[in-house]
Amino acid sequence: MPALRRGFTLLELLVVIAIIAILMGLLLPTVQRVRGAAQQTQCMNNLRQMGIALHQYHNQHGHLPPAYVFDEVAQPDHRVTRYCQPGWGWAAYILPHLEQSAVAEKIQWDKAVEDDLMAEVRAQVVRTYVCPADAYTGVMTVQTMTNQPLCDAATNSYAACFGNIGLIGERPHRGNGIFYRNSRTSMGQIPDGASHTVAVGERAAIFCPTPWAGAMTDGTARTGPHSPSFYAAIEEAPVMPMARTSRYQLNNDYSSPYDFYSPHPTAGMFLFADGSVRALQFNLSLDVWKAIATRDGGESVTENDY
């Protein structure tokens, strides 16, 4: 007569399930921390590549690229900032130095970013411009002030630093940072010190999706439907390639499209003009936060401050 096989009792099964749940509860935070650390490392590597590319561009041209290019002569009224043509931005100009020459060679620099002929180029996803912790990246639809679709374009998780004051949308040429409309800033024009001046920082697509290609006439930068910010805002096209520090700390609940914003949990990744990359904590002092955004503010800042 075969021996009877004893199965699990209901109590034993519940104990096993409880043990597995406890082990999963202990393991999950570790997995999340490891994944978060890997995402932060990749994001910092993206910025390092941009730093090398910016310096190579500087070595070749004697200055850094502009935040975006605006042909004042060709525009109907250069005081009206809805006009941005041709609009190609800093991220487009450094493509050849990011091993993206094939993309750069397709750009017709005299054509507007939003021109139908540039559809393939502006929709090209450039992995260096995608933070792995960011969400809703890829190809987005740029909208006008009247909420009409303008064109499709690939997103950028990063923005050039306009400074710490001024209205980017209304006065895109008046930034006190390294980048502004038609800027041609050289390293010699950063008296605050390249190691203490932000060049590029995070502005996540989950917060405010913007195109890497540049600024588009009649386009907008806006907090998206999934934005973690409490502040819903629509800003003019010059905001697309630029962000600034402000009266709020990084990742403030009321951040606007003007602001930097990181998808990481406690710190944002920033590229400084000397090519170094640093993780800036969300609770960084407001005085330091504002000081590191200017190229010639005369503020006294040390690396120990951040």
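This section describes the overall dimensions, strand pairing and selected residues of the protein.

The structure is a predicted model, in which local features require pLDDT of at least 70, side-chain atom pairs count only at pLDDT 80 or more, and totals for chains, interfaces and linings use all residues. Residues are numbered from 1 along each chain as its sequence is written, and side-chain values use heavy atoms, with hydrogens and water left out.

The C-alpha trace of the protein spans about 100 × 45 × 35 Å along its principal axes. The protein contains 5 helices and 12 strands; these are DSSP runs numbered from the N terminus, with helices (H or I) of at least four residues and strands (E) of at least two. Of the 306 residues, 51% count as buried (buried, under 20% relative accessible area; exposed, over 50%; partly exposed, in between; 1.4 Å probe, protein chains only). The accessible surface amounts to about 14700 Å², and carbon and sulfur atoms account for 54% of that surface. Accessible areas were computed by the Shrake-Rupley method with a 1.4 Å probe, and for residues only the protein chains shown count as cover. Among contacts (heavy atoms within 4.5 Å) between residues at least 6 apart in sequence, 66% join residues at least 24 apart.

An open sheet of 5 strands shows mixed pairing and the order β10-β5-β6-β11-β12, where two strands pair if DSSP finds at least two bridges between them. Strands β10 (242-244) and β12 (277-281) form the edges, each pairing on one side only. From one strand to the next the twist averages 40°, with axes taken as lines fitted to C-alpha atoms, for helices over the stretch in contact, and angles running from 0 to 180 degrees between N-to-C directions. Within this sheet, β5 (residues 158-163) and β6 (residues 198-202) run antiparallel and are joined by 3 bridges. A159 stands opposite G201 in β6.

Strands β3 (residues 139-143) and β4 (residues 149-156) pair in the antiparallel sense over 5 bridges. M140 stands opposite A153 in β4. The covered face of β3 carries M140 and V142, whereas V139, T141 and Q143 lie on the uncovered face. The hairpin of β3 and β4 has 5 residues between the strands. One of its loop residues, N147, has a positive phi of about 65° although it is not a glycine. N147 is partly exposed, with a relative accessible area of 43%.

A positive phi near 65° also occurs at N251, likewise a residue other than glycine. N251 is located in the loop between β10 and β11 (267-272). This residue counts as buried, at 14% relative accessibility.

The peptide bond joining Q85 and P86 is cis, with omega about 0°. P86 lies in strand β2 (residues 86-89). Y68, in strand β1 (residues 68-70), is buried, with a relative accessible area of 0%. Residues up to four places away in sequence aside, Y68 touches several residues, including C84, G87, W88, G89, P172 and Y180. The C-alpha atoms of Y68 and A91 are separated by 9.0 Å, and the two residues are 23 residues apart along the chain.
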